[in-house]
Amino acid sequence: MKIGICPGSFDPVTLGHLDIISRSRKVFDHVIVAVMINPAKKTLFTVEERIDLLKRATADMEHIEVVGFEGLLAEYAKARGASAVIKGLRAVTDFEYEFQQALTNKKLNPDLETLFMTTSSEHMFLSSSIVKQIAMFGGDISNFVPECILKDVKDRIRLDMKKRENDN
Ligand code: PNS
């Protein structure tokens with residue numbers, strides 16, 4: 001069985017992520033969506049919440065498993081018997097960062113390949129940061145995140161903004 005891993009922060013999952021996850025299933029029998037835990041990174045949602053949002057967003061997809069993991073991706077891939085990491089490439093600006101990660105992962109686990117999948121043109125500009133920024137200024141994010149998590153994102157942004165106001 002061919003296993004692929006789609007890693008990321010997914011803070012929150014966007015339609016761009018879902019596009020890459022669902023297309024990865026065309027190439028792999030089983031796809032692990034790994035929510036990587038980086039204690040140094042400040043996120044809008046906790047890892048448990050991000051996993052929950054992803055599970056809901058992928059509920060109708062078969063052979064997709066959502067997990068949280070703290071540690072090295074290369075080691076996790078080995079432990080799970082995954083043959084490749086799949087990353088979405090939006091633009092040439094993504095490339096340098098992704099290339100560095102791919103080479104690092106290859107050094108740490110020579111059996112692990114990295115496959116870059118071109119993002120669909122309608123998601124070319126999309127990122128979790130852009131979604132958060134649009135929501136923060138009251139913009140419509142319904143074309144950018146799955147409908148089933150729309151309310152969660154809007155509510156959390158509102159809460160986060162209130163918290164910031166109180167802190168100032
Ligand atoms: O969505 P992101 O934040 O661009 O995803 C980056 C991620 C989580 C895939 C990357 O930071 C990662 O793989 N972190 C796990 C730690 C690790 O293995 N680091 C060495 C390779 S760079």
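Is Glu-113 buried, exposed or partly exposed? Glu-113 is partly exposed, at a relative accessible area of 41%; by definition, buried means under 20%, exposed over 50%, and partly exposed in between, with a 1.4 Å probe and protein chains only.

Before I continue, colleagues, please note that this is a predicted model, in which local features need pLDDT of at least 70 and side-chain atom pairs count only at pLDDT 80 or more, whereas totals for chains, interfaces and linings use all residues. Residues are numbered from 1 along each chain as its sequence is written, and side-chain values use heavy atoms, leaving out hydrogens and water.

Glu-113 has a salt-bridge partner, Lys-106, at 3.0 Å from N to O. A salt bridge here is a side-chain nitrogen of Lys or Arg within 4 Å of a carboxyl oxygen of Asp or Glu. Lys-106 is partly exposed as well, at 30%. The structure holds twelve salt bridges.

I turn next to Glu-65 and Arg-80, whose side chains form a salt bridge of 2.9 Å, N to O. This pair links distant parts of the chain, 15 residues apart: Glu-65 lies in strand β3 (residues 64-69) and Arg-80 in helix α3 (residues 73-80). Helices (H or I, at least four residues) and strands (E, at least two) are DSSP runs, numbered from the N terminus. Glu-65 is partly exposed at 22%, and Arg-80 is partly exposed at 27%.

Finally, Lys-87 and Glu-98 form a salt bridge, with their closest N and O atoms 2.9 Å apart. Lys-87 belongs to strand β4 (residues 84-89) and Glu-98 to helix α4 (residues 92-108). Lys-87 is buried at 14% relative accessibility, and Glu-98 is buried at 9%.
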